[in-house]
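Take a look at the sequence and the model below. The text then walks through selected parts of the fold, one at a time.

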Amino acid sequence: MSALSPWSKTLLVACQLLLFNLLYSSPSIPEADNQQLIPDLEGDILFLTDSSGSVSHYEFAKVKEFMVRLLRPFYIGPNDVQVSIVHISTIPTLEFPFDRFRSNSDLLSAVKNMTQKMGDTNTGKALQYAKDTIFTDATGSRAGIPKVLVWVTDGISTDDILQPMNLLKDFGVHAFIVSTGRGNYVELSEAASQPTENHLYFVEVDDLPIILDELLDSIIEVIRTKRLRAYDITSRGFQLNWPPFFSDDAGYYVLKYYSATEPNRKISQNLPGSQTSLKVANLHPGTTYEVTLIPETNVGLMKPQTITVTTLKELIVPKSLSAYDITSSGFKIQWSPLFSTYPGSYVLEYYSVTDPQMKYTQKLSGDQTSLKVSNLYPGTSYEVTLIPKSDVVFITPQKITVTTLKEVIVPKSLRAYNITSSGFRLQWSPLFSTDAGYYVLEYYPTTDRQRKYTQKLSGDQTSLEVSNLYPGTSYEVTLIPHSNVVFIPEQKITVTTLKEVIVPKSLSAYNITSSGFRLQWSPLFSTYPGSYVLEIYSATDPQKKYTQNLSGDQTSLEVSNLYPGSSYEVTLIPQSNVVFIAPQKITVTTLKEMIVPKSLRAYNITSRGFRLQWSPLFSTDAGYYVLEYYPTTDRQRKYTQKLSGDQTSLEVSNLYPGTSYEVTLIPHSNVVFIPEQKITVTTLKEVMIPKSLSAYNITSSSFQLQWSPLFSTYPGSYVLEYYSATDYHWKYIQNLLGDQTSLKVSNLYPGSSYQVTLIPQSNVIFIAPQKITVTTLKDEVTPTQILISESKPHSFKVSWSPKLDSVSHYQVLYSPLRRGSAKSVIVGGSQNTTVLENLLPNTTYLVTVIAQYKSGLEKALSAKACTLEENSQIRHLHFQSMNPNSLQASWEQADGNVLGYKVRCRRQAGPPSLQSVAPQMNSVIVTGLAPGTANRICVTPVYSGQKGKALCKTTYIQPGPHGLQFHCLHCAGV
């Protein structure tokens, strides 16, 4: 067996991809018009579009449609995806630079409105232009951002492409090439980025949607943002993913996570430096977790990444997934609605039980309760899983097993008809009784087998229009059935296109009535034999087509029995086996009488104009309007304007305030008569007032609006509109009373500019709207930690972090926790520590650090701190006899700021006593002591708000030969 050529290998890969898409896609589910945008993408994408004369207008339109679908999922803006387009022509032309658009809708509108430039196909010059001019700061290209080039070509270039393309790839540009024509495989594979199978696509222009998803995935892989993120979030866990931080074994990761409600129960895990993902499990449902990934290395400092992830609430629902209408190629599934209370969507997965690796996934909306699954293998069991997806709750997936039916296929024959100079129509009997197969159609000129065209067709297709062929040329056509169940031999026929004869269009209609008309045309078969087929159908019901065969010498025909006031599509088709003459088409509308209700009205009336609106009066392009208006006091100043028949509104401006105008709408038609419509409109009086709308109390999330009262004399109200300057599609509108003069606007984004418009509304006067732009403050970073150290009885040190350049100064407030007034200390913005002195010992303080930002904001963080206990004990308590019933107690001065002393005496014989002593005294006379008794004396120092430690002694009093005697029986400090 001979080796396959590069072109054949590419064709084989393309056929395999087409087989995969057709067998396992779900064509029964149309793509949503409002496709969800894909987050976390950032890149500069340049489209190099062939706009030269080698591309037909039809092909150019198909390429634009392909570009719109490819760009629809992207967020557009300076922090997301930017797009630029360059036309390939004689001289490269820039359609728009990278920094032109900030919204997806504006970008798609610009792509749809592109026009073809024509000229030569100088692709190399366009590539060099992209390198020198487009991927630069001048067009908004961003440094350090992934760059992508998508070159859509018909495969033809008049200059060298490899050298400029290699310069672009050396510059870091990822080159994707889509060839819709007969491109040189070797040259294009060398020009595309590697690997070739992910960057080079050969496809017919009509089949561009086949490669859409694969090309989109390849581009997303290049421009996906590299950051820590969480996905597959359930009620019990989530999956983490992050880009590699280490190119070798130079480091490791520390992963920490904890519940926001239990910050002390932190879970930490060390991970190897080669790891880039982790599944976190065994969590609580409906709980918010703080997750931090810390790269650790001895080479340099790497910034940790932190995200917040909330697990879903858990919802238990009964199993309801079931299958019905099972055929050999598919089945229908249905389930009970799971999102009647909570928002959500579904992901449907199914795969053959014999090949679980080939899994197919389909995203479904949350209100969907059924789906048709098709393009399956006969007699095969499939595992089907319905996975509910929600950001609010977790619902357990449901699984069932479904087995498709077996089938037998019978082959039929291939034939060609409707042969013209540039194509023909193929038809064959159905070869697949179910969707268990597909076709590959090949055709090429018999004189040039290298120019082979290949197209993949679905198994239920039984006909195909082949076009864009050469006149008078024989083509070898092969239909190859493909199936995993049976073998069906390929079928071949040879078809020869007709020679082409160009004749001027002469078909016309005259004598038009309400029920018919007469057709005439020039003779077309004066040289060649032939005949005509005339086709007529109503434009509103093309299924009811009337066909009539006419002889080749006929040049006119009477058409009758038609409906009044109806448009008919008339086609005269010359038929010949020798030459091809292009069909001629005209549209003829029978006459009708039309009576329509008056619908002309005016709204949005101001002092200088108003807007007119009316119901459409022409169902086709058979008429137009003339609009006339003039002041009722001066009919000579009439203004006249001609309008198209499909127009239903008009803005009238540059009028005089407080003036009545007569407005007349006059329909004109050669088909019907419609009466004119008249109304009188009076413009509003104009009141000029100074602009007073202003904003104050601006924060990071809100601001206050105020304005002078505008309706003190006339009745009225306001409409307030505001939107972000970066996303004007999200406009917020609020109706306000006429006596209102202020409003607080909140729930805004930090550091964002908002366009605010105050629109006075009145049916009596016109007051011009007022506009201002307000920018919210940036959200400042707050201190996150306070450290208390060097605690002493009368002082301690306060430190905080991080140190912030945006802080003007700090104010440190401190006060005893349950009593006393607060004191404060001012610390400069460059410092993050201070010592608080003159504090009370053994006291708990509440310390608050308030960051005063340069922007005017302030944020605070508090902590508790305690002073140490002071040594407040009395030392060296002594007694000295004074007389038979008294003694003098003396002691050394206590430490600290003593306010005085308390001296307590508990007598064995007699009542206890308590004496207060001034702080400067250190002795006291104790009386009333009876001989022969034991007495306990305690001295306690007194401080502000508390007492110190007491020193006590117990003495025994007895008479002696020399007077009163006492002995210290027991001494203790309390």
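**A walk through the fold**

Strand 48 (residues 703–706) is joined by four bridges to strand 51 (residues 742–745), and the two run antiparallel. Helices (H or I, at least four residues) and strands (E, at least two) are DSSP runs, numbered from the N terminus. Two strands pair if DSSP finds at least two bridges between them. This is a predicted model, in which local features need pLDDT of at least 70 and side-chain atom pairs count only at pLDDT 80 or more, while totals for chains, interfaces and linings use all residues. Residues are numbered from 1 along each chain as its sequence is written, and side-chain values use heavy atoms, with hydrogens and water left out.

Stay with strand 48 and strand 51. Phenylalanine 703 stands opposite valine 745 in strand 51. Glutamine 704 faces lysine 744, also in strand 51. Now turn to strand 47 (residues 694–696). Three bridges connect strand 47 to strand 48, again antiparallel. Serine 694 has glutamine 706 of strand 48 as its bridge partner. Strand 47 and strand 48 form a hairpin, with six residues between them. In that turn, asparagine 697 has a positive phi of about 50°.

Axes are lines fitted to C-alpha atoms, for helices over the stretch in contact, and angles run from 0 to 180 degrees between N-to-C directions.

Next comes another sheet. Strands of a sheet pair through backbone hydrogen bonds, either parallel or antiparallel. This open sheet has six strands in the order 3-2-1-4-5-6, and its pairing is mixed. Its edge strands are strand 3 (93–96) and strand 6 (200–202), each of which pairs on one side only. Here neighbouring strands are turned by 20° against each other on average, direction ignored. Strand 2 (residues 81–88) and strand 3 are joined by three bridges and run antiparallel. Isoleucine 85 has phenylalanine 96 of strand 3 as its bridge partner.

What packs on the sheet? Helix 4 (residues 123–134) does, touching strand 1 (43–50), strand 2, strand 3 and strand 4 (147–153). Contact means heavy atoms within 4.5 Å. The direction of helix 4 makes about 145° with that of strand 2.

Now for helix pairs. Two packed helices are described by the angle between their axes and the distance between the axes. Helix 2 (residues 57–71) packs with helix 8 (residues 212–223) at an angle of about 50°, with the axes 10 Å apart. The two are therefore oblique to each other. Angles under 35 degrees count as roughly parallel, over 145 as roughly antiparallel, 65 to 115 as roughly perpendicular and the rest as oblique. Helix 2 contributes Phe66, Arg69 and Leu70 to the contact, and helix 8 contributes Leu212, Leu215, Leu216 and Ile219. By class, this contact has six nonpolar, no polar and one charged residues. Ala, Val, Leu, Ile, Met, Phe, Trp, Tyr, Cys and Pro count as nonpolar, Asp, Glu, Lys and Arg as charged, and the others, Gly among them, as polar.

Helix 2 also meets helix 3 (residues 104–112). Their axes come within 9 Å and cross at roughly 170°. Helix 2 and helix 3 are therefore roughly antiparallel to each other. Lys64, Met67, Val68 and Leu71 of helix 2 make the contact with Asn104, Leu107, Leu108, Val111 and Lys112 of helix 3. These residues divide into six nonpolar, one polar and two charged.

Threonine 288 lies in strand 12 (residues 288–297). Its relative accessible area is 30%, so threonine 288 is partly exposed. Buried means under 20% relative accessible area, exposed over 50%, partly exposed in between (1.4 Å probe, protein chains only). Threonine 288 and threonine 310 are 22 residues apart along the chain, yet their C-alpha atoms are separated by 4.0 Å. Proline 489 lies in the loop between strand 28 (474–483) and strand 29 (491–496). Proline 489 is partly exposed, at 46% relative accessible area.
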